[in-house]
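Please consult the sequence and the model below while reading.

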Amino acid sequence: MAGLLEGKVAIITGAGGGLGEAYARLFAQEGAAVVVNDLGGPRDGSGGGSSVAAQKVVDEIVAAGGRAVANGDDVSTLAGGENILKTALDAFGRADILVCNAGILRDRTFANTSEEDWDKVIKVHLKGTYCTALPVWKWMKDNGGGSMVLTSSTSGLYGNFGQTNYGAAKAGIYGMVRVMSIEGRKYNIRVMGLAPGAYTRMTSDLPGRAGREPDPLSLPQNVAPGVLFMVSDLAAEHSGKILGVSARGVREIKMLETEGFAPGRPYTAQEVAEHAAQVFFDAPENVHKLAAG
Ligand code: NAI
């Protein structure tokens, strides 16, 4: 049976380990030729600059009969992004799929977030998504379209203690998905947002996980099928949507508004307080409306 990605070329950033590696392996199994990007280095983004991790994944994919090539560029510069696209074009002549996945973590409470930690996290995640997506976007625009998955996080969509830098970057990526999906319509470029959940080095020390063996179900290979769905033609109708994907399942995450207090005339602050039940979701009336769909 033909794979879901037969004949496609997929670029995955940060695919030398964790989730990206699992995507690369599955996409290759499904027939895609894969560019495995990763610049290596520790979780906080210090050091790096080696394509050893990416090459190891490539060697294993090739040994299993797949097609893959390694790239060790830094996603957070436009020159790096351009070279990642060049790697795909030189090796395989096309770029049909991009998964922006590379990321780092420098968790601190807001009061303790240094300018350096702020800049670095924003640079790798938010600017890195811009730097890798832009060259590929331009290529897809001139060549009939394609499919992109940009990696956000519930930390940015809902909030999480100690992650203002990371949450800001991830919420920014959500904004990119919304805008790019609108602009991509006329070029047949599909853009979806992803909030993954898996046991990787990034999440291995979360409360309750530190020092314990991972639940085998939570490993990245059990998340990859949801992301395969997103990049494949099976998700053709779903551009602009954000999916939460973990081993336990796949769900849509959406921005919602209440009916609101909208008197259609100038109003006072006091009136807003008096109509809190219409303004806020946490008013019992609105919770009921939400549950009723
Ligand atoms: P990971 O740390 O295993 O993988 C991230 C990879 O990105 C690493 O291999 C790293 O070397 C690479 N990387 C870092 N900076 C780079 C750069 N400048 N250029 C190229 N490569 C670079 O982490 P994991 O968990 O696999 O994360 C993948 C993505 O999913 C990240 O964007 C992360 O923020 C996001 N995410 C993960 C969650 C989880 O539950 N594991 C939850 C929410 C979001």
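Helices (H or I, at least four residues) and strands (E, at least two) are DSSP runs, numbered from the N terminus. The model is predicted, so local features need pLDDT of at least 70 and side-chain atom pairs count only at pLDDT 80 or more, while totals for chains, interfaces and linings use all residues. Residues are numbered from 1 along each chain as its sequence is written, and side-chain values use heavy atoms, with hydrogens and water left out.

**The cavity**

- A cavity is a set of points, on a 1 Å grid over the protein atoms alone, where a 1.4 Å probe fits but cannot get out; lining residues have an atom within 4 Å of a point.
- Points are joined across faces, edges and corners, and a volume is the space filled by probe spheres set on them.
- The search of the whole structure finds 1 cavity of 30 Å³ or more, and the largest cavity has a volume of about 70 Å³.
- Helix α4 (residues 115-142) supplies the largest share of the lining of the largest cavity, 5 residues.
- Among the residues lining the largest cavity are Thr13, Val75, Asn101, His125 and Lys170.

**Helix α4**

- The expected span of a helix is 1.5 Å times one less than its number of residues.
- The 28 residues of α4 should therefore span 40 Å, and this agrees with the 39 Å between its end C-alpha atoms.
- A kink of about 40° in α4 is centred on Lys127, where the bend is the angle between axes fitted to the seven residues ending at a residue and the seven starting there.

**The ligand**

- The ligand is surrounded by 29 residues, each with a heavy atom within 4 Å of it.
- The closest of these residues are Asp38, Asp74, Asn101, Tyr166 and Thr200.
- Polar contacts are pairs of N or O atoms within 3.5 Å.
- One polar side-chain atom of Asp38 lies 2.5 Å from an oxygen atom of the ligand, and one of Lys170 lies 3.0 Å from an oxygen atom of the ligand.
- A polar backbone atom of Val75 is 3.1 Å from a nitrogen atom of the ligand.

**The second largest pocket**

- A pocket is an open set of points with protein on both sides within 12 Å along at least five of seven lines.
- The second largest pocket holds about 280 Å³ of space.
- Its lining has 19 residues, and Gly146, Ser147, Asn188, Arg190 and Asp233 lie nearest its centre.
- The elements β5 (146-151), α6 (164-184) and β6 (189-197) each give two or more residues to this lining.

Notes: Polar contact = N/O pair within 3.5 Å; in protein donor to acceptor, adjacent residues only side chain to side chain.
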